[in-house]
Amino acid sequence: TDDLDDDPEVLERFNEEAMLEQDNTVWGAVMYWVPTIHRAEVDRLENLEQWTRWLRQGGTIPPNQLSSARQLSDLIVFDYVIGNWDRWSSHNVFWGPDREVLLIMDNNAAFNVEYADHIRARLEAPLEQVERFSVILYRRLVGLSEEDIRAEFAEDLAGENLLTDEQIEAVLARRDRVIAHIETLQARHGHDEVLCFP
């Protein structure tokens with residue numbers, strides 16, 4: 001609590017709410033606080049329709065929206081690979097202070113192994129809409145290995161693996177599905193049309 005001494009109000013709240021272990025350890029999570037965020041509202045119907053057009057073959061992306069389109073494409077791939085089916089259920093995507101970088105939150109529906117049919121459909125639908133991807137992201141997906149995942153999700157402090165073997169297998173299977181999707185599109189539309197973002 002030494003670091004809290006400069007803020008008596010926070011220190012008082014900490015002392016009231018913190019649950020101390022016998023050795024004075026306090027378990028918790030540290031979250032990066034972004035003081036100014038703006039709702040991206042990418043899940044509003046008119047915005048969904050707009051960025052879906054951007055990410056389809058033949059759609060025109062305004063030059064000032066190239067970064068936004070790439071970030072949305074990356075986000076959809078990321079959600080699919082981790083199995084996060086709950087992105088578009090509420091306001092989980094924000095703009096940072098400069099309105100140039102997308103900030104995503106609420107990833108707690110990720111890393112499942114099995115999905116009910118209606119949940120699987122919610123996971124699949126956004127990926128099916130995307131036909132334009134980042135070449136760097138594609139290369140990283142191709143290079144992603146089980147060892148990479150295990151290294152990133154190394155044992156937590158309690159000695160338990162953060163992901164089970166089944167969860168890692170599911171991540172790799174979804175990764176394979178994204179790669180197959182991209183390669184099918186490349187065969188149909190050409191490499192540069194599909195991998196059009198850096």
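**View 1. Glu 131 in its salt bridge with Arg 56.** At 11% relative accessibility, Glu 131 of this predicted model is buried. The cut-off for that label is 20%. Its side chain meets that of Arg 56 in a salt bridge, 3.6 Å from N to O. Arg 56 sits in the loop between helix H2 (45–54) and helix H3 (66–82), and Glu 131 in the loop between helix H4 (117–129) and helix H5 (135–143), so the pair ties together parts 75 residues apart in sequence. Arg 56 is partly exposed, with a relative accessible area of 29%. The model is a prediction throughout.

View 2. The side chains of Glu 17 and Arg 13 form a salt bridge at 3.0 Å, N to O. Why is about one helical turn the separation of Glu 17 and Arg 13? Both belong to helix H1 (residues 8–17), and they are four residues apart there. Glu 17 is partly exposed, at 49% relative accessible area. Arg 13 is exposed, at 54%. The line between the two labels runs at 50%.

**View 3. The Asp 79 and Arg 87 pair.** Asp 79 and Arg 87 form a salt bridge, with 2.8 Å between the closest N and O atoms. Are Asp 79 and Arg 87 buried or exposed? Both residues are buried. Over the whole structure, a search finds twelve salt bridges.

**View 4. The largest nonpolar core.** This core has 40 residues. Which residues have the most contacts inside it? They are Trp 51, Leu 55, Phe 133, Val 178 and Ile 182. At least two residues of the core come from each of H2, H3, strand E2 (93–95), H4, H5 and helix H7 (165–189). H3 gives the largest share, with eight residues.

**View 5. The surroundings of Trp 51.** Trp 51 is among the residues with the most contacts inside the largest nonpolar core. Leaving aside residues up to four places away in sequence, Trp 51 touches Val 42, Leu 72, Ile 76 and Trp 88.

**View 6. Helix H5 packed on helix H7.** The angle between H5 and H7 is about 130°, and their axes lie 10 Å apart. The two helices are therefore oblique to each other. What is the hand of the crossing where H5 passes H7? The crossing is left-handed. On the H5 side, the contact residues are Tyr 138, Leu 141 and Val 142. On the H7 side, they are Arg 175, Val 178, Ile 179, Ile 182, Glu 183 and Gln 186.

**View 7. Ala 69 in helix H3.** Ala 69 lies in helix H3. Its relative accessibility is 0%, and the residue counts as buried. Which residues does Ala 69 touch, not counting residues up to four places away in sequence? The contacts are Trp 54, Leu 55, Ile 61 and Phe 197. Gly 58 is eleven residues from Ala 69 along the chain, and the C-alpha atoms of the two are separated by 14 Å.

Methods. Residues numbered from 1 in each chain as written. Predicted model: local features only at pLDDT ≥ 70, side-chain atom pairs only at ≥ 80, totals over all residues. Heavy atoms only, no water. Salt bridge = Lys/Arg side-chain N within 4 Å of Asp/Glu carboxyl O. Buried < 20%, exposed > 50% of the residue type's maximum accessible area, 1.4 Å probe, protein only. Core = buried A, V, L, I, M, F, W, Y, C linked by side-chain atoms within 4.5 Å. Contact = heavy atoms within 4.5 Å. Axes fitted to C-alpha atoms, helices over the stretch in contact; angles between N-to-C directions. Parallel < 35°, antiparallel > 145°, perpendicular 65-115°, else oblique. Left-handed = near helix turned anticlockwise from the far one by under 90°.
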